[in-house]
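Here is a short briefing on a structure with its sequence. Please look at the chains, their cores and their contact.

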Amino acid sequence: MQEFGDYVRRVRAARAEADSQFSLRQVAQRVGLEPAYLSKIERGLVAPPSEATIVRLAGVLGEDPDVMLALAGKVGSDLRAIILRRPKQFAELIRQLKNAPDHAILKVVREVRDGNW
Amino acid sequence: MIALEGDTLVFRFPEVHDDAHTEIEFQRTLRIPDDGKHYPLPPGLGAFPLRHVEDFAERVPQRVPGRWRERGGVMMPLYQAEAMWISFRGGRRFGGYPCAIKIAAGKINAVSGKAWKPELDASERDYIVVPEQPWLDGFCIAKDVIRQFVAMPLGAGYSVEEQITCKAEHGGLQMIVYPMKKERYEAIMCERESNAQRACGMPMFALSFSRAVGASADMGLAAGGRMKQQIYADPYGLDAWDLSASSRCFVTLADALQWREITGAAPPTRPPTAEDYTKAGLPWFDYYAADLETLPGSAKLALVKSVAEMAAEKGEQVMGPDGDVKPGKIIDVGPKKARSKVRAPRKSQA
């Protein structure tokens, strides 16, 4: 999963240019990893870490956890649970939206209903 | 369009620009003492849960008043005398897509103290601009001074709405968001990208008191203690905003004691007192942007009585004692500070 490691390294390095709190050591510490392990992840020498670790890493880097999970070839357990509740309908929905532009997908998102006030 | 993603209200304007979105959360916090002193910014203790009103209007109609269903929107639970603040967050590029936001409590504008009007009017100066304004903690009563948002039962006479209009009609929170015009945003982006080093990330960022007389399931926002907080004037001008694209939302404030009956879920626990939090050595916060003009505050809101003043006048005990609070550790989370600094105690401290 070189793509995941590259992404983490690129984002972290960009943040580190402006803020030393994003050094490899400090990010690893905040995520709860050994710096050597995070370095291996960034270089693609080991498989991406667990879902929980990726979500923590996304939080520290200010990145979207769903995007980072996807780069690691994973789907969040919350999304998995949602799909498994209605697998047929969600599989069909996702296939239909496969080539839809972003604005069409947004239209499927449930809106907060506005009433009279 | 507005979507509810987890406990965050996400306002998107894909018809204006792909980047045009802003996120609003309601943060649990300490109630600062209502003793006339000016306090720094209290911490965020996590977002209040938000739910679609219509989900429960259909499921438990006997628990959801008809007026809640009629106005739509979302709801969240607050205890009597519980405080909250509003967090605004933009996209990930350079602190977020600029938006102008009007906020009202009980349809009284929280910045001007005037009756709710959805339109933007430069002469009124009654709206905030994000990402310049990362948080709003209360009613703007004077330059750089607010009175904290504190929930009280609608009908008990404490809310700002009731004090100004003499009616307990609306309660809750109302907001309308206007995105920046596409052309203006793209011009700003060009300028910023030419000097990316300037990018500044916004920090995100069992009591037994008697119930106030006239209590209902609806809560309104009253004025709590005084806090130092700058409310920034619009640095872009009215012409920057796309007035043809706006989204509005009514946030019903439900009594936390009835939250379980309505939703089946437990409400959050009560936050710690400001005294206990401070004695534990936990930090308070400060946010100061020297280069932005700040609004002068509302003379109308300055005349509103605080919860403590009103309770003393009524001879009621509606909240616990404030205790002795001397914020010791105050962390600067201003715009020049690092992105990673957030307005919350670290997990290891909490």
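Predicted model: local features only at pLDDT ≥ 70, side-chain atom pairs only at ≥ 80, totals over all residues.

Chain B has 350 residues, and buried residues make up 52% of them. Chain A is assigned two domains, domain 1 and domain 2.

**Chain B fold**
- The secondary structure of chain B comes to 8 helices and 18 strands.
- One of these strands, β8, spans residues 99–105.

**Chain A domains**
- Domain 1 of chain A covers 2–71, and domain 2 covers 77–106.
- The C-alpha centres of domain 1 and domain 2 of chain A are 27 Å apart.

**Nonpolar cores**
- In soluble globular proteins, nonpolar side chains tend to be buried together.
- The largest nonpolar core holds 100 residues.
- Within this core, B:M76, B:I101 and B:V307 touch the most other members.
- Strand β8 of chain B gives the most to this core, with 6 residues.
- A second, separate core has 13 residues, among them A:F4, A:I41, A:I54 and A:L57.

**Around B:M76**

**Contact between the chains**
- Chain A puts 15 residues into the contact, and chain B puts in 23 residues.
- On the side of chain A that touches chain B, 4 residues are nonpolar, 5 are polar and 6 are charged.

Terms used
Residues numbered from 1 in each chain as written. Chains lettered and ligands numbered in written order. Contact = placed C-beta atoms within 7 Å. Nonpolar A, V, L, I, M, F, W, Y, C, P; charged D, E, K, R; others polar. Domains from an automatic or database assignment. Core = buried A, V, L, I, M, F, W, Y, C linked by C-beta atoms within 7 Å. Buried ≥ 20, exposed ≤ 12 C-beta atoms within 10 Å, placed from the backbone. Helix = DSSP H or I, 4+ residues; strand = E, 2+ residues; numbered from the N terminus.
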